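Please read them alongside the coordinates.

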Amino acid sequence: MVETMRTVSERVIRAVAEATDTDPATLPPLYESVDPDALNELVDSMSDGEISFEHADCEITVDSDGGVHLTGSFTRGSPTEAVVGDD
């Protein structure tokens, strides 16, 4: 079986779903916060830097390597951080 690489926007959705223990299908659509195609293109073209935005009560930062970093109140109201790389 061939493993396909996930896009940045797919990794963002997966990271938010995992961090908030929520089914990805029940999350608000990503396009309500950021254009998924533009996000993918921007990160793919970045040589250095990061972009941050809010989605589903999470502060999301995507770095030029495609790493997804989340901060927010994921469990019992305590601030936590989750990091998801490109897998």
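1. Elements and conventions. Helices (H or I, at least four residues) and strands (E, at least two) are taken here as DSSP runs, numbered from the N terminus. Residues are numbered from 1 along each chain as its sequence is written. The model is predicted, with local features requiring pLDDT of at least 70 and side-chain atom pairs counted only at pLDDT 80 or more, while totals for chains, interfaces and linings use all residues, and side-chain values rest on heavy atoms, with hydrogens and water left out.

2. Overall layout. The protein contains 2 helices and 4 strands, and from the N terminus on these elements follow the order α-α-β-β-β-β. Of its 87 residues, 38% are buried, where buried means under 20% relative accessible area, exposed means over 50%, and partly exposed lies in between (1.4 Å probe, protein chains only). Among contacts (heavy atoms within 4.5 Å) between residues at least 6 apart in sequence, 35% join residues at least 24 apart.

3. The nonpolar core. In soluble globular proteins, nonpolar side chains tend to be buried together. A nonpolar core is defined here as a set of buried Ala, Val, Leu, Ile, Met, Phe, Trp, Tyr and Cys residues joined through side-chain atoms within 4.5 Å. The largest such core has 19 residues, and those with the most contacts inside it are Val12, Phe53, Ile60 and Val62. At least two residues of this core are supplied by each of helix 1 (8-20), helix 2 (36-45), strand 2 (58-63) and strand 3 (68-75), and the largest share, 7 residues, comes from helix 1. Not counting residues up to four places away in sequence, Ile60 touches Val12, Val16, Ile51, Ser52, Phe53, His55, Val68, His69 and Leu70.

4. Strand 2 and its pairing. Strand 2 is largely enclosed by the rest of the structure, because 5 of its 6 residues are buried. Strand 1 (residues 50-55) and strand 2 run antiparallel and are joined by 6 bridges, two strands being treated as paired if DSSP finds at least two bridges between them. Within this pairing, Thr61 in strand 2 is the bridge partner of Ser52.

5. Most residues other than glycine have a negative phi, and most peptide bonds are trans. Ala56 has a positive phi near 50° and counts as partly exposed at 23% relative accessibility. Asp57 also has a positive phi, near 65°, and is exposed, with a relative accessible area of 77%.

6. Which residues of helix 2 are buried? They are Leu39, Asn40 and Val43, and because they cover an arc of only 100° around the axis, they lie on the same side of helix 2; the arc is that of the directions from the helix axis to the C-beta atoms. On the other side of helix 2, Asp37, Glu41 and Ser45 are exposed. The cover over the buried residues includes helix 1, strand 1 and strand 2.

7. Asp35 caps the N-terminal end of helix 2, with a side-chain oxygen 2.9 Å from the backbone nitrogen of Asp37. Asn40, at 12% relative accessibility, counts as buried, and a polar atom of its side chain lies 3.4 Å from the backbone nitrogen of Val8. A polar contact here is a pair of N or O atoms within 3.5 Å; within protein, one must be able to donate a hydrogen and the other to accept it, and residues adjacent in sequence count only if both atoms are side-chain atoms. Asn40 and Val8 are 32 residues apart in sequence, yet their C-alpha atoms are 5.5 Å apart.

8. Two further buried positions. Ser64 sits in the loop between strand 2 and strand 3 and counts as buried at 16% relative accessibility. Leaving aside neighbours within four places in sequence, Ser64 is in contact with Val43, Met46, Ser47, Asp48 and Gly49. Leu70 lies in strand 3 and is buried at 1% relative accessibility.
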